Amino acid sequence: MSKITNVGVHIVESADAIGDTAGEGQIWVDNQTPNQLKFTNDAGTDFGISPSFISAEQTVAVDTALNVAHGLGAKPTEYTITLICKTADANYSIGDEIMVNNTSHNGSDQGYTSCCDTSNVSIIQGNEIQVINKTGFDKSGLDVSDWRWIVRAWL
């Protein structure tokens with residue numbers, strides 16, 4: 001058994017993994033900028049093992065812009081924004097999490113949008129968020145005091 005100590009491990013970057021070997025996977029560093037740690041399975045499929053970020057729960061406030069610093073040092077290649085229920089609302093239970101996509105409704109100041117850059121994932125919130133009621137299947141305006149934003153981002 002090998003032991004890795006606190007001296008670290010250095011992996012030379014390359015454009016691709018070395019040839020595939022049945023029953024063996026590879027960990028390697030892709031030479032794209034910024035470098036990304038990759039895993040390639042024995043079928044030759046590459047999977048990213050990249051830095052990620054998950055925010056603390058953020059307060060939802062109407063008619064505001066919320067900037068959540070991700071600290072990744074580069075613009076995320078992917079991010080998600082969810083709402084987590086803190087007090088039962090629209091037939092959602094405490095702890096339920098809703099994946100939300102950028103949306104605006106017919107009203108002039110409803111919905112939210114998001115964007116990201118090298119420092120922040122930003123959420124721009126109108127005066128109301130509407131979702132489909134969990135059991136009633138009709139639209140429901142959320143009581144924003146019952147919900148918190150969670151931002152996740154990956155390079």
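Analyst: Let's start with a term: a polar contact is a pair of N or O atoms within 3.5 Å, and within protein one of them must be able to donate a hydrogen and the other to accept it, while residues adjacent in sequence count only if both atoms are side-chain atoms. Here is such a pair: the Tyr 92 side chain comes to 2.7 Å from the backbone oxygen of Ile 132.

A word on the model before we go on. It is predicted, so local features need pLDDT of at least 70 and side-chain atom pairs count only at pLDDT 80 or more, whereas totals for chains, interfaces and linings use all residues. Residues are numbered from 1 along each chain as its sequence is written, and side-chain values use heavy atoms, with hydrogens and water left out.

Now to the loop itself. Tyr 92 sits between strands S8 and S9; strands (E, at least two residues) and helices (H or I, at least four) are DSSP runs, numbered from the N terminus. The protein has zero helices and 15 strands. Is Tyr 92 buried or exposed? With 14% relative accessibility, Tyr 92 is buried, a word that stands for under 20% relative accessible area, while exposed means over 50% and partly exposed is in between (1.4 Å probe, protein chains only).

What surrounds Tyr 92? Apart from neighbours within four places in sequence, Tyr 92 has contacts (heavy atoms within 4.5 Å) with Cys 85, Ile 98, Val 131, Ile 132, Asn 133, Lys 134 and Trp 147. Take Lys 134 from that list: 42 residues separate Tyr 92 and Lys 134 in sequence, yet their C-alpha atoms are 5.9 Å apart in space.

The structure contains three aromatic pairs, meaning rings of Phe, Tyr and Trp (its six-membered ring) with centres within 6.5 Å; planes under 30 degrees apart count as stacked, over 60 as edge-to-face and the rest as tilted. In one of these pairs, the ring centres of Tyr 92 and Trp 147 are 5.8 Å apart with planes at 75°, which makes the pair edge-to-face. Because Tyr 92 is in the loop between S8 and S9 and Trp 147 is in strand S15, the pair ties together parts 55 residues apart in sequence. Trp 147 is buried, at 1% relative accessible area.

A search of the whole structure gives three salt bridges, each a side-chain nitrogen of Lys or Arg within 4 Å of a carboxyl oxygen of Asp or Glu. One of them joins Lys 134 and Asp 96, 2.7 Å from N to O. Asp 96 belongs to the loop between S8 and S9, and Lys 134 to the loop between strands S13 (130-132) and S14 (139-141), 38 residues apart. Asp 96 is buried at 19% relative accessibility, whereas Lys 134 is partly exposed at 38%.

Another salt bridge pairs Glu 57 with Lys 86, whose closest N and O atoms are 3.1 Å apart.
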